Amino acid sequence: MVRITVSPDAARYLIRKMKRPNVIVYRDIFRAKRGSVFILRVRAADGREPGGQFEASDHAGVTVWVESEFLRQLAPGEGISIGLDRGLIKSLKVEMASERISALA
């Protein structure tokens with residue numbers, strides 16, 4: 001089972017900003033000169049549910065949608081953490097294991 005956590009400050013920020021906050025975690029392709037690599041992306045959407053193969057779970061009033069194929073590739077016990085990156089522009093960040101990926105909310 002994969003653990004998904006949403007930090008309290010990220011949940012408050014999303015609930016304040018949107019009526020029905022949905023967070024979508026999906027894989028994207030990064031193309032470089034030497035080949036392609038899958039990277040993890042995060043996106044916030046107000047009330048829109050993603051089409052396709054996604055699984056939902058509710059955390060602190062925020063619905064988190066994660067791509068089903070990505071969930072199957074994770075090892076049991078691995079976790080996904082969604083937090084708030086406070087900088088010049090507030091953005092959501094996704095962390096798993098030793099990776100840290102940011103995307104604008």
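1. Burial. Of the chain's 105 residues, 37% count as buried, where buried means under 20% relative accessible area with a 1.4 Å probe and protein chains only as cover. The model is predicted: local features need pLDDT of at least 70 and side-chain atom pairs count only at pLDDT 80 or more, while totals for chains, interfaces and linings use all residues. Residues are numbered from 1 along each chain as its sequence is written, and side-chain values use heavy atoms, with hydrogens and water left out.

2. Secondary structure. Two helices and eight strands make up the chain's elements, in the sequence order β-α-β-β-β-β-α-β-β-β. These are DSSP runs, numbered from the N terminus (helices: H or I, at least four residues; strands: E, at least two).

3. Dimensions. The C-alpha trace spans about 40 × 35 × 25 Å along its principal axes.

4. Contacts. Taking contact as heavy atoms within 4.5 Å, 50% of the contacts between residues at least 6 apart in sequence join residues at least 24 apart.

5. Surface. The chain exposes about 6,800 Å², of which carbon and sulfur atoms supply 51%; the areas come from the Shrake-Rupley method with a 1.4 Å probe.

6. Ser68. This residue lies in helix 2 (residues 68–73). Ser68 is buried, with a relative accessible area of 4%. Neighbours within four places in sequence aside, Ser68 is in contact with Gln53, Phe54 and Glu55.

Key: Buried < 20%, exposed > 50% of the residue type's maximum accessible area, 1.4 Å probe, protein only.
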